[in-house]
Amino acid sequence: MCARLCTLLSLALLPALAWGLSDNEKAGQQLYRYGQANTDSPVQARLEAADTVVDASLLPCAGCHGRDGRGRAEGGLNPPDITWARLSKPYGERLPGARQHPPYTEASLARAIREGVDPGGNRLSPAMPRYSLSQRQVRDLIAYLQRIEEDFDPGISDQSLVLGTWQPLSGAQADGGQAVSLSLREAIAQINLDGGIHGRRLTLVVVDSAERDEQAVLDELLDQHEVFALVAVQTSSAAQQEQLRQAGVPLVGTLLRNDPGPGSAWTFEPLAGIQDQMKALGLFAEQALSARGAALILVGPEPAHQAQAESLSRWLVQRGWPAPAIQGAEAPLVLGDGLSALFLLGSGLSSSQVSLLASHSPPPYLLLAGEQAQAELFELPMAFSARVFVAYPFLPDDWTPAFRERLARQRAILGNGYLNRRVSASVALAILEEGLRRAGRQLSREALIRALEELYDHPTGMSPRVGFSGGRRVGAGAHIVRLDLENRELHHTGYYIPPEQR
Ligand code: HEC
């Protein structure tokens, strides 16, 4: 009796409740997303095919049917859309060869979840586990499936969408943070002027990260501001990435990326970071210079540089290079015989190191990432002529006239400061925008992730084309540029090394 009455009551209250889930629905959400029950009776999932029983937390519904309940095709399985709106529609399955059945009722849905039988009496495929849910748990779960479409991810409302970033807005790094915020705000204002995305206006929350605990910064964005996704953050640690992964929050673009960690499925990097640029230089050295010989990696003082060097070294060895020596930039330089390439990772070269290298015959190729290239490089002795190569994630040649105009307007306020970071931030926002457009009006974080995963060779007008095909999370490669010491100029070698296929 109460069940009916309660349903009626909650129906009557629906408009008032639209922004929050009831306790029962929350319990259902917990079951749906994580396979976890509030009570001490854990839920079990039975896999008929393997004739085994496992804890339901290992096989939550969301894992197959998607956090938004709309199903998805993966690995030959086709977990269907199980939102109540679809299950209760009076048409049954129409696909040829598919199960025919009348619309689901709450009772028949409970039966499908527990016993694997649909309202037409057909057995569901063994790929769909059977769950040992109590009366109450199954009711909670169904209550949640009835609301799942309104259970918008944070930051989404009918007319607006909240995005977030963290930047140093005070202290010694403030100029860089302000420059990035300004270019993001400008781009967002333009998107809103053009009508927003699927009828929603974008709002950007910028949290000051200067001298603050990174955990607190992230908590502020997620809990207090309830942002939907993050964009163009200045740096991010492995711990932050893990927190984002657990919370299921998408991040597009880390500007000063120096963590060679595994990354996360929720993080997309449109442009090549230092690590990717170094690898591009390695490939260039092999292909264009035939320099797959003895190599030395000179590392700067930061711990991240050491970690990057080790990862680069492992990668070179995998590609058949002899194991490169890794040396700290502060220690006296030791050159082995036949040194062919010197990778500079976060370190410059002192004048005595330069003389030592120049006396080596021939001097090794010097390979470094764009953000480390300083004007002093032009002071190198002529012995290094045509021997210095720099990788860049983008070049001015990649910019459309419209983007050049935007940069020219910014120059009036910011000068040329932090140009690389501003461009990287604009690319990150453009990729996020594209993902949001493709994900559609029925937006969810998962839908955004899926849309980004399908992005292929997308022109940004600011950088090389960006795409994330095949599970790859770095969207573009690197241009290789040669230093012309005679004329103090940079020349494109004509080599663009596409992002690594993983
Ligand atoms: C391991 C992947 C997997 C998990 C986990 C999973 N399902 Fe399924 N589910 C499927 C597949 C595959 C089908 C399609 C079966 C078929 O068509 O015979 C399915 C079918 C269904 C159907 C039938 C829909 C229809 O159109 O007839 C319902 C209802 C359903 N699942 C609910 C759930 C619920 C609720 C959970 C969590 C308690 C869950 N599923 C967990 C894979 C899964």
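Which residue in S8 does leucine 251 stand opposite? Keep that question in mind; the tour reaches it at the second stop.

**Before you start**

You are looking at a predicted model, in which local features need pLDDT of at least 70, side-chain atom pairs count only at pLDDT 80 or more, and totals for chains, interfaces and linings use all residues. Residues are numbered from 1 along each chain as its sequence is written, and side-chain values use heavy atoms, with hydrogens and water left out.

Show the whole C-alpha trace to begin with: along its principal axes it spans about 90 × 55 × 45 Å. Colour by secondary structure and you will find 15 helices and 15 strands; these are DSSP runs numbered from the N terminus, with helices being H or I of at least four residues and strands being E of at least two. Of the 502 residues, 50% are buried. Here buried means under 20% relative accessible area, exposed over 50%, and partly exposed in between, with a 1.4 Å probe and protein chains only.

Now colour by domain. The assignment gives domain 1 (15-147), domain 2 (160-271 + 399-464) and domain 3 (274-392 + 481-497); such bounds come from an automatic or database domain assignment.

**Stop 1: the iron atom**

Select the iron atom of the ligand, then His65 and Met128. The protein donors are His65 through NE2 and Met128 through SD, lying 2.1 Å from the iron atom. Donors are N, O and S atoms within 2.8 Å of the metal (3.2 Å for Na, K and Ca), and sites may look incomplete because water is not among the atoms. Histidine 65 sits in helix H3 (residues 61-65) and methionine 128 in the loop between helix H5 (106-115) and strand S3 (130-131), so the pair ties together parts that are 63 residues apart in sequence. Both histidine 65 and methionine 128 are buried.

What is the geometry of the site? It is octahedral, with angles of 87 to 179 degrees among the six donor atoms. Six donors count as octahedral if opposite donors are over 155 degrees apart and all others between 65 and 115.

**Stop 2: the five-stranded sheet**

Next, select strands S4 to S8. They form an open sheet in the order S5-S4-S6-S7-S8, with parallel pairing. Two strands pair if DSSP finds at least two bridges between them. At the edges are strand S5 (201-208) and S8, each pairing on one side only. Helix H7 (residues 174-193) packs on the sheet and touches strand S4 (160-167), S5 and strand S6 (229-233); the directions of H7 and S5 make about 170 degrees. Axes here are lines fitted to C-alpha atoms, for helices over the stretch in contact, and angles run from 0 to 180 degrees between N-to-C directions.

Move along to S7 and S8, which pair in the parallel sense over two bridges. Here is the reply to the opening question: leucine 251 stands opposite threonine 267 in S8.

Click on glutamine 167 in strand S4. Glutamine 167 counts as buried because its relative accessibility is 0%. Its contacts, not counting residues up to four places away in sequence, include Gly177, Leu184, Val206, Ala232 and Gln234; contact means heavy atoms within 4.5 Å.

Then find serine 264 in the loop between strand S7 (251-254) and strand S8 (267-268). Serine 264 is also buried, at 10% relative accessibility. Gln241, Arg245 and Arg473 touch serine 264, leaving aside residues up to four places away in sequence.

**Stop 3: the seven-stranded sheet**

Select S9 to S15. These seven strands form an open sheet in the order S10-S9-S11-S12-S13-S14-S15, and the pairing is mixed. Strand S10 (325-328) and S15 are the edge strands. Inside the sheet, strand S11 (residues 339-345) and S12 pair in the parallel sense over four bridges, and leucine 344 stands opposite leucine 368 in S12.

**Stop 4: backbone details in the loops**

Serine 361 and proline 362 are joined by a cis peptide bond, with omega about -10 degrees. Look for proline 362 in the loop between helix H12 (351-359) and strand S12 (365-369).

Finish with arginine 488, a residue other than glycine with a positive phi, near 50 degrees. Arginine 488 lies in the loop between strand S14 (478-484) and strand S15 (489-497), and is partly exposed, with a relative accessible area of 46%.

Technical notes: Tetrahedral: all angles 85-135°; square planar, octahedral: opposite > 155°, others 65-115°.
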